[in-house]
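Me: Hello! I am new to this one; could you walk me through some of its terms?

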Amino acid sequence: MSSLATQNRVKSIYKEVWKEYFDWEQDYCKGILSNLAPSSSGTSSAPLAAQLPRFDLNDENQPSSISYGSYQLSLIAIDGKEDPAPQEIQYGCPTYRFPTISPAKPYEACTYSHKNLYVADDFCEKLPFMPFSDSSNFPAGEFLELYDAIGWMNRKDPDLDMIAAEAVRRLHFSHGLSYEEIDATGILPVTILERPDKKGILHTLNQRDVLSWPGSTVSNLPPLPRIENPPPTQLKKRVNGIRYLLCANLNCLEPYCPTHCNLFSQSYSHSVNMDEQIKFISSSKINGDFEESDLSPCGPDCYKHLADHTEGLAVWDDEMSEDFKFMLEGASELSSCDLAVVCDKPCREVYTHRQQYAPKPSDDNGGAAVVENDEASDSDSESSEDERPIFGMSEICQHLGKCDALADCRCYRKQLHCHRNCRCDLSCVRRPKGCRCKNTGRRMCRTPKCSCFKAGRECDPELCQKCGANALNKCHNNDIQHGRTKAMEVKEGAFGLGLFLTESAKEGDLIGEYIGEILSDKMTEARGLQSRHLGRNYLFALNAEWTIDAALVGNETRFINHAPGNLANCRAEVREVNGDHRIGTLLIVKRGLQAGDELFMDYGGEYFTTGGKGATPRAGGKR
């Protein structure tokens, strides 16, 4: 069939199915709506049980002096014996009178969260609904200008999937057109086969309920095949399939992380290359380095019992061999005894194959050599308190080669330090290095002598080894990442609801972390209009690119009230925590606070530049 003839055939069948579907849908919807109409008698169609008030027939003291009607009930005793004949009784419906109850004070709902949630910019592309539509004071025109369209304008009709599916079924099975030929015409509103940017209708039908309508059931044509991607069997492909879903940030370590899954959208691409080479950080401990002689044999099949490890050795198939080589690349420090447990194979078999497949050390350490933490190199990444580098959380650099102009490195281009979540080599000179502080008591890593504290970041548990940043109570510059906050409660305060301590706190203690939604400048502007209309503002500048808004999502710290100057007893400070900017609320009064004291923060003059509404306070006193 010629290309023109194919296009005409697809148009004809698609139009035919379209007409059949909507002719049926109108009558079907009318029938559904007619069933919702009340009966002509005006009586309620609700079940009798739903109409009756709660009434205990066995309570002799049940008041019945005041009633407004009666009902006929059929009582059937169920006691394990033969059911008696139904009895019909009449009873009066009692009326209970209660004293007048004062209405609750107005409040705003806020979803609690223990971490910041990212709000994608596409929320500003389509407006789902107009807020405050019943208020004449809300600047609706200015608000609409921030959005590209209203949500319902470009919303996809789910019926199109059903129409397209039936058209494809007829074209393929009745007219002999292949899926590729139908897709090539570009006439249908959906693709059939999977593409890098689309899943295709065959995949979609497997993910949703399929509507049964006459057009899809009257014919004897076979149903369309359901495309199901079987899980890969090779370990490497399985790891590749899940590593794009896992957030490796030390603040998260969870799949589909709500903080970074949209920020780093390239990590959550639908088009995952299962055969992509995974780059591991090479280890200096390979081959015989882990086979310490003082380790006890792991069992009767341990390689240490046998002089000839190859005797009676089972032959591994190609798939098992490839899986084992992949394990060695990522877990080369495990002993043969440990690997035997992972592989569910005899220890002597693992040991023998390990000698054959173990990775060899390379001159460049795989391009990912671990840099020692020395004070000389660390000084390159430091800056003064006023000129500390901005650790952006919006993007990460990921490219081949060094972080320079030739690689078009984002960090180099914006004159930023690479942070721990960047995908450049660990040897990159732009990466911050860990501090070399030693255990010096309560103030350890809390003075400018600590390179991490001076640079405005918390100590890294992987880079800062000497200060004990990976332990719970050694380093004192990791309060936010360890969640060392104070117990608090929300109750009536000096200005409405306020935040109070329920335990004592000393100067410099972390009270809590300011949590909310992470907004870009575009979303911040839209939220600002709503804040000004409500007269309440929870926007807090995180850095030059992002703002935290605790209006809809947050925690207790959103209730800290304002107090000017010396009347404030705490302040907010932005710190870089494992690659992310986070806002901590620190106690600043030298005398400390006791349980029951209310917390106050100076919002700063910028907060009130628009009459106390809608401005964005700057964390850390930079307002």
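**Salt bridges, rings and a charged patch**

Reply: Gladly! The structure holds 19 salt bridges. This is a predicted model, in which local features need pLDDT of at least 70, side-chain atom pairs count only at pLDDT 80 or more, and totals for chains, interfaces and linings use all residues. Residues are numbered from 1 along each chain as its sequence is written, and side-chain values use heavy atoms, with hydrogens and water left out.

Me: What makes arginine 170 and glutamate 166 a salt bridge?

Reply: A salt bridge needs a side-chain nitrogen of Lys or Arg within 4 Å of a carboxyl oxygen of Asp or Glu. The closest N and O atoms of arginine 170 and glutamate 166 are 2.7 Å apart, so the pair qualifies. Both residues lie in helix α4 (residues 159-173), four residues apart, about one turn of the helix.

Me: Why is arginine 170 called buried?

Reply: Buried means under 20% relative accessible area, exposed means over 50%, and partly exposed is in between (1.4 Å probe, protein chains only). Arginine 170 has 11% relative accessibility, so it counts as buried. Glutamate 166, at 3%, is therefore buried as well.

Me: How do you know that arginine 582 and glutamate 513 form a salt bridge?

Reply: Their closest N and O atoms are 2.9 Å apart, and that value is within the 4 Å limit. This pair links distant parts of the chain: arginine 582 is in strand β18 (residues 580-587) and glutamate 513 in strand β11, 69 residues apart. Arginine 582 counts as buried because its relative accessibility is 14%, and glutamate 513 is buried at 9%.

Me: Why is the pair of tryptophan 18 and phenylalanine 22 called tilted?

Reply: The structure holds 14 aromatic pairs. In this one, the ring centres of tryptophan 18 and phenylalanine 22 are 4.9 Å apart, with 50° between the planes. Rings of Phe, Tyr and Trp (its six-membered ring) pair if their centres lie within 6.5 Å; planes under 30 degrees apart count as stacked, over 60 as edge-to-face and the rest as tilted. The angle of 50° falls in the rest, so the pair is tilted. Both residues lie in helix α1 (residues 3-36).

Me: Is tryptophan 18 buried or partly exposed?

Reply: Tryptophan 18 is at 36% relative accessibility, so it counts as partly exposed.

Me: Which residues gather in the patch of negative charge on the surface?

Reply: They are Glu142, Glu145, Asp521 and Glu525. Patches are made of residues with over 30% relative accessible area and no salt bridge, with like charges joined within 9 Å and nonpolar side chains (Val, Leu, Ile, Met, Phe, Trp, Tyr) within 5 Å. Glutamate 525, in helix α16 (residues 521-534), has 46% relative accessibility and so counts as partly exposed.

Key. Areas by Shrake-Rupley, 256 points an atom, 1.4 Å probe, with all protein chains shown as cover. Lys, Arg positive; Asp, Glu negative; His and termini not counted. Charge placed at Lys NZ, Arg CZ, Asp CG, Glu CD. Helix = DSSP H or I, 4+ residues; strand = E, 2+ residues; numbered from the N terminus.
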